[in-house]
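Student: Could you walk me through reading a model like this one? I would like to start with confidence and end at the ligand.

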Amino acid sequence: MDTIISARGISKSFGKHKVLRNIDLELKKGVSLAIFGPNGAGKTTLLKILSTIITPTQGDVIINGIDIKKNPSGARELIGVISHESYLYDELTARENLRFFSKMYGMEKDLLEERINELLEQVDLQKRADDRVGSFSRGMKQRLSIARALVHRPVILFMDEPYTGLDQRSAEAFENVLRMLDKDNVTKVMVSHNIERAVQLCDRLMIMDSGEIVYDSTTEQIESIDEFKKNYSSLVCTDTDVEGITNLQ
Ligand SMILES: Nc1ncnc2c1ncn2[C@@H]1O[C@H](COP(=O)(O)OP(=O)(O)OP(=O)(O)O)[C@@H](O)[C@H]1O
């Protein structure tokens, strides 16, 4: 399998605060990685560096052979990001938002409308396609931001807490979209506090604490979710916000 993400010696400081400490990460094409860890461990910071949103203090990231320092826009064409920030425009309709982002990525006009309709259907928003996003609920905005992240057919999808704001039906629609991406061998990197869901969806599990990777395993290698949670508790003693962890005490 080809390596699609290669990060070497990544460190990040905000002033005197060292948030990431010499992180190395290699990810093969098509793999889905879940990153867990307590609040402040550095998960979002790592995701932002890998997805070119912020730059590291030290270290290099190569995305599909592209050095993101030398060619950030080339790397961005390969990347989709779902984060706390929806990047949507309230005054535009759902369809207009997707059109805007498709054009930003330079997509061909004749393919664009077909792709937009396909995505609106996948995230179950086809009936609200021509309504202004300002009138949408949080969950609907989250679903549209999933479509926005996928409009240019990225080969890597970065997700920071993608379940935030999704009700049960929306979470299922989201997981269906993720399964569809498997068919296209899209690589996924997900930061999550939801161990149950992430373990079911991902093939590699990583735990971060205090800016370091303290655990890295394939999902196949773990015996059970309970065993993984015990590992988590022993490695990360102070965390109380991962679902189910507190029940193990
Ligand atoms: N722009 C910034 N300026 C200063 N400090 C920052 C900045 N961004 C993040 N930090 C700090 O870096 C540390 C790691 O933050 P980060 O958001 O990466 O953690 P996290 O593991 O994603 O946590 P959470 O689970 O709460 O989302 C925190 O102490 C945070 O306050």
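Tutor: Happy to; we will go through confidence, overall fold and the ligand shell in turn.

Student: What is the mean pLDDT of the protein chain?

Tutor: This is a predicted model, and pLDDT is the predictor's confidence in each residue. Here the protein chain has a mean pLDDT of 90, with 94% of its residues at 70 or more. Residues 244-249 stay under 50, and the model has eleven contacts beyond four places in sequence for them. For the complex, the predictor gives an ipTM of 0.97 and a pTM of 0.91.

Student: How does the radius of gyration of the protein chain agree with that of a compact globule?

Tutor: A compact globule of 249 residues would have a value near 18 Å, and the protein chain has 18 Å, so the two agree. The C-alpha trace spans about 50 × 45 × 40 Å along its principal axes, and 39% of the residues are buried.

Student: Which secondary structure elements does the protein chain have?

Tutor: There are eight helices and ten strands. An unreviewed UniProt entry lists residues 5-235 as "domain: ABC transporter"; that stretch is 37% helix and 27% strand.

Student: Which residues surround the ligand?

Tutor: The shell consists of F14, H17, V19, G37, N39, G40, A41, G42, K43, T44 and T45. Two elements, β2 (17-28) and α1 (43-50), each give two or more residues to that shell. The largest share, three residues, comes from α1.

Key
Residues numbered from 1 in each chain as written. Predicted model: local features only at pLDDT ≥ 70, side-chain atom pairs only at ≥ 80, totals over all residues. Near = placed C-beta within 6 Å. Helix = DSSP H or I, 4+ residues; strand = E, 2+ residues; numbered from the N terminus. pLDDT = per-residue confidence, 0-100. Contact = placed C-beta atoms within 7 Å. UniProt positions renumbered as here; feature names shortened; annotations may be inferred. Rg over C-alpha atoms; globule rule 2.2 N^0.38 Å. Buried ≥ 20, exposed ≤ 12 C-beta atoms within 10 Å, placed from the backbone.
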